[in-house]
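Visitor: Could you walk me through this structure while I look at it?
Guide: Gladly; ask whatever comes to mind.

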Amino acid sequence: MIKHIVFDIGNVLMSFAPEAYFIRWFQSEERTHRICKRIFTHEAWEKYDQGIWMLEDLYAVYHKAYPDMIEETNIVLQNWLQLMEPMQESIAFMKQVKDDGYGVYILSNISQDSADFLKKTQRFFPLADGAVLSYEEKTNKPDPHIFEVLLQRYKLNAGELLYLDDNAENIRQAERLGIHGIVFHDVSCIKEAKGLLKEECHAKD
C-alpha cells in the first residue's frame, strides 16, 4: 500500500530546459546546444550538485576546459538559476496528496545554490515532510546510498513509496530497492500516479 509520495525537483516540480532559456542570448540553436551540452554534461556540474564544488569553482574549471567560450560560460553561470519555472500541475498534485494524508518527500540531485534559491522563491519545500538533497549527502542519484538515506532517515518502508523522477535510471534504481516508480515525462504522469493511488484505495476498500 502506497503511503508516501516522493518527488524529484528537476522536470518534475521545476522545469529545467537550458537550451530553451539560453537561446535568447546565443540566438543559434546549434550554438546554444553546444554551449549548454558543454556546461551541463561536464563532470563539474555533477560535482556541483554533490556539494563538492561551489559555483566559484565552476568558473575556473570551465574557463580552463573551454577557453573558446569564456564569455558564454559566464552568461550561463550567472543566469542559470532563473531558467527554472514551477510546474504548477505537479505542485498542485503535491499539495493534493499532502491534504489527502500521504507523506510527501523530496529526493533530488541539486546544488546548494539551487536549493537555497528555490526555498526562497517557491512554496513546495514547506509541503514536504522531509527532503534528501544531493549536495548535503555528497552523492547523486542513481547511487543507491541516497535512496537508503531517504528510507533510513525518515523510517520509511520502500514498498510504501511512489517515486516520480524524470530520469529512467533513477527510477530503475528505486525499483531495485522495492520503491514504486514512475518516469515523469509530462503532466500525463500525474494522471498515471492518481490512477495508481485510486486503484490502491479501491483495493483497500
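Visitor: Which residues lie nearest the centre of the largest pocket, and how many line it?
Guide: The model is a predicted one, in which local features need pLDDT of at least 70 and side-chain atom pairs count only at pLDDT 80 or more, while totals for chains, interfaces and linings use all residues. Residues are numbered from 1 along each chain as its sequence is written, and side-chain values use heavy atoms, with hydrogens and water left out. The lining of the largest pocket has 33 residues, and those nearest its centre are Phe 16, Phe 40, Trp 45, Asp 49 and Asn 109. A pocket here is an open set of points on a 1 Å grid over the protein atoms alone, where a 1.4 Å probe fits and protein lies on both sides within 12 Å along at least five of seven lines; lining residues have an atom within 4 Å of a point.

Visitor: Which elements give two or more residues to that lining?
Guide: They are β2, α1, α2 (29-40), α3 (43-49) and α10 (168-176), and α3 gives the most, with 4 residues. Helices (H or I, at least four residues) and strands (E, at least two) are DSSP runs, numbered from the N terminus.

Visitor: Changing topic, how many aromatic pairs turn up in the whole structure?
Guide: The search finds 15 of them, counting rings of Phe, Tyr and Trp (its six-membered ring) with centres within 6.5 Å, where planes under 30 degrees apart are stacked, over 60 edge-to-face and the rest tilted. One of them joins Phe 16 and Trp 80 edge-to-face, at 6.4 Å centre to centre with 75° between the planes.

Visitor: And what does that pair tie together?
Guide: Phe 16 is in the loop between β2 (14-15) and α1 (18-26), whereas Trp 80 is in the loop between α5 (70-79) and β3 (85-86), so the pair ties together parts that are 64 residues apart in sequence. Ring pairs also link Phe 16 and Trp 80 with Phe 40, Trp 45 and Tyr 48 into a cluster.

Visitor: What about Phe 22 and Phe 26, how do they pair?
Guide: They are stacked, 6.2 Å centre to centre with 25° between the planes. Both are in helix α1, 4 residues apart, about one turn of the helix, and both are buried.

Visitor: Which charged end sits over the ring of Trp 53?
Guide: That of Lys 47, 5.6 Å from the ring centre, and Lys 119 likewise lies over the face of Phe 125, at 5.4 Å from the ring centre. The criterion is NZ of Lys or CZ of Arg within 6 Å of the ring centre and within 35 degrees of the ring normal.

Visitor: Back to Trp 80, where is its contact Ser 114 placed?
Guide: Ser 114 is in helix α7 (residues 112-121) and is buried, with a relative accessible area of 2%. Leaving aside neighbours within four places in sequence, Ser 114 is in contact (heavy atoms within 4.5 Å) with Trp 80, Leu 81 and Met 84.

Visitor: Last one, which residues of α5 are buried?
Guide: Those are Glu 72, Thr 73, Asn 74, Ile 75, Val 76 and Leu 77, and what covers them includes α1, α2, α3 and α4 (55-65).

Methods:
Buried < 20%, exposed > 50% of the residue type's maximum accessible area, 1.4 Å probe, protein only.
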